[in-house]
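Here is a short report on helix packing. Please look over the sequence and the model first.

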Amino acid sequence: MPNRTVYKELKTKEECWESIKLLQVRGAPAIGIFAAYAMYVIAQQYADLPYAKFREQYRADSAYLNSSRPTAVNLSWALKRCEAVVDEHPDLSSRNILNLLRKEAETIHEEDIAMCTSIAEYGLSLLKDGDTILTHCNAGPLATSRYGTALGPVLLGTERGMHFRVFADETRPLLQGARLTSYELQQAGVDVTLICDNMASIVMKNGWINAVFVGCDRIAANGDFANKIGTSGVAILAKHYGIPFYTLGPSSTIDMNTPTGDDITIELRDPDEIRSLWYREPMAPAAVKCWNPSFDVTDHELVTAIITEKGIIYPPFSTNLKKLFN
Ligand code: MRU
């Protein structure tokens with residue numbers, strides 16, 4: 001993306017693992033949906049095994065897939081749901097369990113479509129026709145299903161004849177904003193302007209931004225949340241310029257077992273993504289040290305509200321997130 005759209009057929013667990021690792025499928029909810037379908041495909045290879053052996057192999061493969069990326073909770077969330085299907089049916093043949101696994105993957109996928117639609121509705125209620133939003137990374141249909149999360153309100157509103165402008169951060173180093181967000185918004189007929197990450201401050205200072213909408217990979221119980229590297233800087237800028245800052249995600253992204261952002265594992269990626277990935281020749285000395293964290297944590301104090309399919313959650317997040325699950 002965006003120059004070629006290539007569909008890949010994946011059969012082995014190694015191919016599925018690599019697709020997540022290499023971000024061929026990425027975005028927290030999309031990773032979860034993909035993992036559920038992937039486990040159905042992988043488990044077909046040993047559907048003739050008796051239950052105990054099937055379960056043992058299934059759990060090992062599920063743990064293997066779970067090791068592909070650590071930050072987005074949706075991966076382990078979806079894998080756990082599918083493992084529960086296996087655990088709960090010792091009385092069934094492995095072939096019948098396989099059918100249930102396909103159904104579970106389809107359910108996770110359908111639920112995501114419904115959640116994205118509801119998130120889009122709640123997000124849209126915070127916008128008025130003509131507003132301009134700034135977004136970081138990609139939290140649109142390519143990261144989820146149907147409307148996406150952070151882009152959902154804009155896409156839904158556009159379908160209803162409203163007009164929005166979007167400033168999309170290019171999102172170094174993997175350029176999800178340039179490659180995916182600007183592509184998706186252009187396709188949908190939205191007025192999108194691509195900026196480098198370090199230009200967010202000037203567009204805010206110019207008074208051009210009404211709200212910041214971003215996705216999330218894991219929301220801790222106190223409202224801190226991990227999202228693509230650079231998100232916390234955008235939140236700090238938004239606070240400085242008095243611009244409301246929202247994170248949008250399905251409730252499956254809220255991890256009540258993670259007390260604060262300090263407890264979130266941040267994925268470190270290959271330094272060559274910084275040194276050379278997008279260039280005809282390396283743009284840094286070959287041996288230069290690089291540090292390449294893929295995500296950062298935005299402090300809950302910078303967040304105006306968390307928008308989920310269940311509603312808009314305002315501070316105090318520790319109390320209000322707990323209420324959401326009660
Ligand atoms: O590394 P990526 O491309 O998977 O990072 C994606 C993000 O940070 C998204 O904002 C997040 O997963 C939410 S997608 C709805």
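## Terms and model

Contact means heavy atoms within 4.5 Å. Helices are DSSP runs (H or I, at least four residues), numbered from the N terminus. This is a predicted model: local features need pLDDT of at least 70, side-chain atom pairs count only at pLDDT 80 or more, and totals for chains, interfaces and linings use all residues. Residues are numbered from 1 along each chain as its sequence is written, and side-chain values use heavy atoms, without hydrogens or water.

## α2 with α4

In α2, Ala28, Pro29, Ile31, Gly32, Ala35, Ala36 and Met39 meet Asn74, Leu75, Ala78, Leu79 and Cys82 of α4. By class, this contact of α2 with α4 has ten nonpolar, two polar and no charged residues.

Helix α4 spans residues 73-87. The axes of α2 and α4 lie 7 Å apart, at an angle of about 30 degrees. α2 is therefore roughly parallel to α4 (angles under 35 degrees).

## α2 with α3

Helix α2 covers residues 28-43 and helix α3 residues 51-66. Their axes come within 11 Å and cross at roughly 140 degrees.

On the α2 side, Ala35, Ala38, Met39, Ile42 and Ala43 make contact; their partners in α3 are Phe54, Tyr58, Asp61, Ser62 and Leu65. The residues of the contact of α2 with α3 comprise eight nonpolar, one polar and one charged.

## Helix α9

Helix α9 runs over residues 231-241. Thr231, Ser232, Val234, Ala235 and Ala238 are buried there (under 20% relative accessible area, 1.4 Å probe, protein chains only). Seen down the axis of α9, the buried residues fall within an arc of 155 degrees, so they line one face of the helix. The arc is taken from the directions from helix axis to C-beta atoms.

Gly242 follows α9, with a positive phi near 70 degrees.

Conventions
Axes fitted to C-alpha atoms, helices over the stretch in contact; angles between N-to-C directions. Helix = DSSP H or I, 4+ residues; strand = E, 2+ residues; numbered from the N terminus. Nonpolar A, V, L, I, M, F, W, Y, C, P; charged D, E, K, R; others polar. Buried < 20%, exposed > 50% of the residue type's maximum accessible area, 1.4 Å probe, protein only. Parallel < 35°, antiparallel > 145°, perpendicular 65-115°, else oblique.
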